[in-house]
Structures are given as structure tokens and as C-alpha cells.
Amino acid sequence: MRIAIFGNLYQAEKSIQAKHLFNALSKYNAEILICEEFYRFLHTVMKIEPQYSKLITDNNFSADMALSLGGDGTFLKTAERVGNKHIPILGINTGRLGFLADVAENEIDEAVAELFNGDYRIEERSLLQLKADALPVKFWPFALNEAAILKRDSSSMITIRTYLNNVFLNTYQADGLIVSTPTGSTGYSLSVGGPILVPQAPNFVIAPVAPHSLNVRPLVFNDQDTIRMQIESRSNNFLVSLDGRSAMMGTNHELIICKAPFTTPIVKRNNHVFIDTLRDKLMWGADKRYNI
């Protein structure tokens with residue numbers, strides 16, 4: 001098996017998890033590829049010298065499996081590096097909640113063994129695609145979690161005239177607007193009052209950020225639909241953010257958001273269930289009266 005490894009570059013105190021992972025992988029006949037930046041971090045900061053076959057210097061690589069060592073942010077960066085190669089990604093959590101990276105340190109040995117035994121399941125996750133004529137050349141226009149249109153350089157709200165399948169939907173006056181996938185429904189969208197979607201739902205969510213209206217609510221729509229937006233701002237610019245990757249754009253540019261033509265396969269342990277994750281990590285349905 002050929003395994004590509006990507007990791008968090010800012011948590012030297014988490015070195016025990018990295019050592020644990022490489023020790024677990026050393027028991028199997030695997031070809032290990034390591035992201036060059038992560039290798040330098042392991043070598044110079046963590047003082048770890050992992051065995052590897054090749055360093056990954058760009059996005060031109062192939063593998064049977066990708067491992068993300070870090071939190072959900074690291075997982076999203078790994079998904080960007082994997083792109084449309086359809087390489088399954090397993091997330092090993094060294095962060096906080098960990099919805100995408102949900103393998104805990106005490107599960108690493110079991111999870112690695114399951115990989116080599118084929119004892120796991122794959123969940124195909126939808127992505128968003130952003131289309132605009134002024135994005136930076138190297139800006140990856142896809143998002144596994146969400147696309148956010150946000151105000152910039154001003155305390156004033158922005159105005160977002162929005163169309164659903166070319167039918168006028170609403171003019172949002174707000175600090176911004178989030179379009180989220182089911183995967184991202186437990187992230188930024190949730191923090192602004194958006195609903196939680198199960199990962200397999202064929203839907204997306206559009207949710208305003210601090211809207212200047214009492215009757216504007218998040219909307220769930222079919223993932224085959226297309227969102228078109230025209231933005232007005234006193235500063236004549238705004239921020240577009242895809243999974244935390246940001247670009248500034250002028251208000252003379254129209255945005256189109258639709259479903260991407262490919263999916264990201266995510267590896268899940270067979271005993272990891274989404275509803276259990278909600279209950280354990282977001283205290284879903286917790287009620288001390290019934291101890292549940």
C-alpha cells in the first residue's frame with residue numbers, strides 16, 4: 001500500500017501522536033510518502049526521523065491512501081492537496097473536536113491495522129465549486145466545508161443579491177453569507193445558526209452571517225441547484241473564503257457556486273457513527289435529567 005502523509009505544522013507538543021503513527025506504520029510493508037513541509041517540521045522541530053520512500057513537493061503525486069495528522073483544518077488542507085485524485089483520506093486527530101479527523105491517539109494502532117486489513121468504510125463527500133473570473137491563478141476553487149462571502153476593510157454590512165437557479169432568492173444585508181456542504185454543516189454554518197445535515201444528504205445550506213433582518217433564516221436547498229451572487233460594498237471589495245483559503249475580490253465580479261464534479265472519499269472506522277459523534281462532541285441531545 002502506498003500511503004501519503006500530511007500533518008499539522010504548528011503543534012510540536014503533539015509529537016507523541018506522530019511517533020505513534022510512524023511506529024504503527026512500520027509494522028506493515030507500506031510505501032510511505034510524506035509532505036515535504038511536514039517532514040521538515042518533523043525533522044527540525046519535533047526531532048523525529050521517520051522512514052519514507054519519497055517526499056511530496058507538489059500536488060503531482062499518487063497514493064492508495066492519504067493520512068491527515070492534525071485537526072479538521074489540517075484535514076481540509078489535505079483534501080486540497082488530494083484534489084480530484086479520489087484518494088481516500090483518514091483523519092487522525094491531534095486537535096480539539098475533530099469531525100473530519102476523528103481517530104484519537106489511543107485508536108491509531110487499531111485504525112492502521114484496519115486500513116491494511118480493508119476493515120473500514122468510505123464515505124463520498126460532496127464539494128462546492130466557486131466560479132468567478134477574477135480568482136487568483138493558483139486559488140483552488142473548491143470547498144469540502146463551505147464557501148463564505150464576507151465584508152472586508154469596513155464595519156459596514158455588504159449587500160448580496162442572490163439567485164437560486166437564476167430565480168431571485170433574496171437580497172441579504174449582512175456581514176456575509178455562507179454556503180455549506182453537509183460536511184461543513186457542523187462548522188462555520190452551525191456557528192451562525194445553520195442546520196446540521198447528515199453527511200450523505202443531497203443538499204447544501206445557505207446561511208447569512210449577522211443579517212440585518214429578523215425574518216431571514218438559513219435555507220436548505222438541493223445540491224444540484226446553482227447559487228449566483230452579486231455583491232455591493234461601500235469599500236468596493238469583499239472577501240471570498242473557501243475552507244479558510246481567502247481571496248479579495250472587487251464588487252464588479254459575479255460569483256457562481258455549484259456542486260463540484262468530483263467527491264472527496266473519507267475513510268471512517270466501522271464503529272464511528274455520525275450521530276454518536278454529534279452526541280459525544282457537540283453534546284447532541286444531552287440531558288442531565290436522563291443521563292444521556
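Me: Is Asn165 buried, partly exposed or exposed?
Reply: Asn165 is partly exposed, as its relative accessible area is 38%. Buried means under 20% relative accessible area, exposed means over 50%, and partly exposed is in between, with a 1.4 Å probe and protein chains only.

Me: And where is Asn165 found?
Reply: Asn165 is in the loop between β11 (158-164) and β12 (167-174). Helices (H or I, at least four residues) and strands (E, at least two) are DSSP runs, numbered from the N terminus.

Me: What is the phi of Asn165 near?
Reply: Phi is near 50 degrees there, a positive value in a residue other than glycine. Most residues other than glycine have a negative phi.

Me: Which other residue has a positive phi although it is not a glycine?
Reply: Lys47 has one, of about 60 degrees. Lys47 is found in the loop between α2 (36-44) and β3 (54-56), and it counts as exposed because its relative accessibility is 66%.

Me: Before I go on, what sort of model is this?
Reply: This is a predicted model, where local features need pLDDT of at least 70, side-chain atom pairs count only at pLDDT 80 or more, and totals for chains, interfaces and linings use all residues. Residues are numbered from 1 along each chain as its sequence is written, and side-chain values use heavy atoms, with hydrogens and water left out.

Me: Thanks! How many helices and strands does the protein have?
Reply: There are 6 helices and 20 strands. The radius of gyration of the protein is 20 Å, close to the 19 Å that the globule rule gives for 292 residues, so the protein is as compact as a globular protein of that length. That radius is taken over C-alpha atoms, and the globule rule is 2.2 Å times the number of residues to the power 0.38.

Me: What share of the residues is buried?
Reply: Buried residues are 52% of the 292 in the protein.

Me: Which residues have the most contacts inside the largest nonpolar core?
Reply: Those are Ile5, Leu21, Leu25, Phe38 and Leu67, in a core of 48 residues. Helix α1 (residues 15-25) gives the most to this core, with 5 residues. A nonpolar core is a set of buried Ala, Val, Leu, Ile, Met, Phe, Trp, Tyr and Cys residues joined through side-chain atoms within 4.5 Å.

Me: Which residues does Ile5 touch?
Reply: Not counting residues up to four places away in sequence, Ile5 touches Leu21, Phe22, Leu25, Ile32, Leu33, Ile34, Cys35, Phe38 and Leu67. Contact means heavy atoms within 4.5 Å.

Me: What does the second, separate core include?
Reply: That core has 27 residues, among them Ile158, Val179, Met229 and Phe238.

Me: New topic: is Thr264 buried or exposed?
Reply: Thr264 is buried, with a relative accessible area of 2%. Thr264 is found in strand β20 (residues 264-268). Leaving aside neighbours within four places in sequence, Thr264 is in contact with Ala79, Ile89, Glu123, Glu124, Arg125, Leu127 and Leu144.

Me: Which residues are buried in helix α3?
Reply: In α3 (residues 72-82), Thr74, Phe75, Leu76, Thr78, Ala79, Arg81 and Val82 are buried. Just after α3, Gly83 takes a positive phi of about 60 degrees.

Me: Last one: where is Asn93 found?
Reply: Asn93 is in strand β5 (residues 89-93), and at 14% relative accessibility Asn93 counts as buried.
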